[in-house]
Amino acid sequence: MNHNDRHLISILMENEAGALSRVANLFSARGYNIESLTVAPTDDPTLSRLTLVTYGNEQIIEQIVKQLNKLIDVVKLIDLSETDAIERELMLVKTRAVGEQRAEMKRLADIFGGRVLDVTDATYTIELTGAGSKLDNFLRAIEKDAILEVVRSGATGIALGQKALHA
Amino acid sequence: MELITGAEILVRCLKDEGVEYLFGYPGGAVLHIYDALYVQEDVKHILVRHEQAALHAADGYSRACGRPGVALVTSGPGLTNAVTGIANAYMDSIPLVVFSGQVPTALIGNDAFQEVDAVGITRPCVKHNFLVKDVTKLAETVKKAFYIATTGRPGPVLVDLPKDVTIAKTEYHYPKKIKLRSYNPTVKGHAGQIRKAVDLILSAKRPMIYTGGGVILSDGSPELIELTQLLGYPITNTLMGLGAYPATDRQFVGMLGMHGTYEANMAMHHCDVLIAIGARFDDRVTGKLDKFCPTARIVHVDIDPSSISKNVKVDVPIVGSVPNVLRAMISVIRDEKLRSDSEALAHWWRQIDEWRAVKSLSYRHSNEVIKPQYVIEKLYQITEGKAIITSDVGQHQMWAAQYYLFDRPRQWINSGGLGTMGFGLPAAMGAKFAFPDEDVACITGDGSIQMMLQELATMKQYQTPVKIVNLNNGYLGMVRQWQEFFYQKRYCMTYFESLPDFVMLTEAYGHVGMRIEKPGDVEGALREAFAMKDRTVFLDFVTDPSENVFPMIPSGGGQSEMLLAERDEMVSTHHEGMVLL
């Protein structure tokens, strides 16, 4: 198992100043990859939920999990790639939309379950949610030249079934 | 209840925590704290001459006695000077609590005078750190700092204190106990894993016990000795682990690793079961990873899960504190009257004794020039092996580790992980504070000693007599050695064309200086120095500048690929993979 598999790691941590830096610092100091990272407070304001996407072989992921657990601010974490889980990411895309493009763009947005949030005579702003791969597919499906701006939230996720991460 | 200032709260916390010594250096941001220190006598403040020394002294104190070391520095340069000392403690897992002054909260982020982002700068080299913005959180934070520093895998914790917080007032309440939902180190080993480990350990034909600093930090030496003697297995210690098992005992095969003994490294290379305890498979120990213990199944006991299978994949991991886990192992073996394979063990010991017979630590004596190894041997004899020894970093450090036989834990104090030149002298001072009645010697070199020389003044002020054993070869010897071996003797920037007269220099600080140039004078000088119980003595030994540290596994080599000393007669006689100079 030497593949660099993609892992979605979800962390419950103290909502303290500097907690995010500790996580980010760990990745840079130890030379781990970090593809995306998203963080916000939870229903309990003393806790934050941080979700990150990283790549590595089995040994590296094991170390990442152990090193994260070692951070004093980390309460609990789960590698969502090791369990049945749902992954979601939000993407906002501003596209060129003129002439025949307008109908085509709307149709593609519908196919991918997106919503058009803003319309001008030359552009659409589309909102899309889904797993990262679905968002990638949407970007591949539309004309490359039509893309004016892409904003992605980074992946977040939750385990399926009764499994829940709480302090 | 009475309202008191943050500064007073801090001092009361230290008192309630039982802090004996506070090593520090004042400055603008910590003036309120110094004022609070002025009016009490419970916590003794030691005024060093450089903040790095405050950290190393607190560190040496902690390594010697096991209690947490405590330091106080001001903001800005006070903190940045302390960073080397903090990183040093972090790499060797030493429990320190460091207080740094900070500019007032209203000025944080304004590039104020003597402002640095202390929490940001130290984040990668502390176990944890805090910025206290509210005086009502101060006492609780101090409690957390001590708790985190001293439990689990120990380490330094920094508490950054803005000046306004130290003058703001609140009631004092120091929590007796603290519980952190996000921090709960595993102490007790998993019973099933312990059982598995015992089975594997007893099935060994060629067992080897390899232990590190974790045994010393956890005070696990008695349990280690009991288990090792119960099993009758050979044992090696890392540089950080020396003293955990008595070096004079027959089962001890010496230090392992880059400058370890031949028998230790060969036994590691050929063992079939490796029992790693409180050690972290550092690159100076393993050499080339894919040649490390190629035939061994590995048991690893460590309190830090992230140390397990980090560099080397292990077969039976056990997370827990060393004494706890070892006691459990001993119980299983004793209760069930389990036995190791005595026939295989006898065979294995015969093999190890053959490796031992190589005498990899022998060196050529000289009547003309002082051999550094000889100085350490004499130091060992004259102190009857009982002194607390600190060292700096370089060749002298390796010779100290090889030729002074440490029979008890916390007797050997050196900078292993970070390799900080300048550590030895302030660490010796710290150790002397912990044990004023013990002989403390700092083994150093002409390079290292000049990095913290100013502490001679502190040692005068507080009357902490230390014997400084300077192996003066005029070179940065370890770097010179590498240049000799790997850079065709191009000695770039490793020769000091100018060195101070250390005797005069020491005397200028009010201590005793001695210069020793002949092998015949070594013993007498050492006796004379140690007879001066209440004086710091600087022994400047002029040693052979061409001497190298052997054995040596060149960086990137495997355990069995050792360079032994320049002994030609051995070229064709010994084992495969051995390269001789």
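This report walks through selected features of a predicted model.

## About the model

Residues are numbered from 1 along each chain as its sequence is written, and chains are lettered from A, with ligands numbered from 1, in the order in which they are written. In this predicted model, local features need pLDDT of at least 70 and side-chain atom pairs count only at pLDDT 80 or more, while totals for chains, interfaces and linings use all residues.

## A sheet in chain B

Six strands of chain B form an open sheet. Their order is β16-β15-β17-β18-β20-β19, and the pairing is parallel. Strands (E, at least two residues) and helices (H or I, at least four) are DSSP runs, numbered from the N terminus. Two strands pair if DSSP finds at least two bridges between them. Strands of a sheet pair through backbone hydrogen bonds, either parallel or antiparallel.

The edges are β16 (412-413) and β19 (512-516) of chain B, each pairing on one side only. Five bridges link β19(B) to β20 (residues 537-542) of chain B, in the parallel sense. Here G513(B) stands opposite F538(B) in β20(B).

## Helices on the sheet

Helix α17 (residues 424-434) of chain B packs on the sheet. It touches β15, β16, β17 and β18 of chain B, and its direction makes about 175° with that of β17(B). Helix α16 (residues 395-403) of chain B lies across β15 (388-391), β17 (440-445) and β18 (467-472) of chain B, at about 135° to β17(B). Angles run from 0 to 180 degrees between N-to-C directions; axes are lines fitted to C-alpha atoms, for helices over the stretch in contact.

## Two helices side by side

In chain B, the axes of α3 (residues 51-65) and α4 (residues 77-91) come within 7 Å and cross at roughly 30°. That makes α3(B) roughly parallel to α4(B) (angles under 35 degrees count as such).

Residues in contact have C-beta atoms, placed from the backbone, within 7 Å. Among them are E51(B) and L55(B) of α3(B), and N81(B) and I86(B) of α4(B). The contact residues divide into five nonpolar, seven polar and two charged. Ala, Val, Leu, Ile, Met, Phe, Trp, Tyr, Cys and Pro count as nonpolar, Asp, Glu, Lys and Arg as charged, and the others, Gly among them, as polar.

## Where the chains meet

12 residues of chain B are in contact with 16 residues of chain A. The chain B side has five nonpolar, four polar and three charged residues.

## One residue of chain A

N137(A) is in helix α4 (residues 132-141) of chain A. N137(A) counts as exposed because it has 12 C-beta neighbours inside 10 Å (exposed means 12 or fewer). The C-alpha atoms of N137(A) and R22(A) are separated by 33 Å.

Definitions and conventions. A residue is buried if 20 or more other C-beta atoms lie within 10 Å of its own, exposed if 12 or fewer, and partly exposed in between; C-beta atoms are placed from the backbone. Two residues are in contact if their C-beta atoms, placed from the backbone, lie within 7 Å. Angles under 35 degrees count as roughly parallel, over 145 as roughly antiparallel, 65 to 115 as roughly perpendicular and the rest as oblique.
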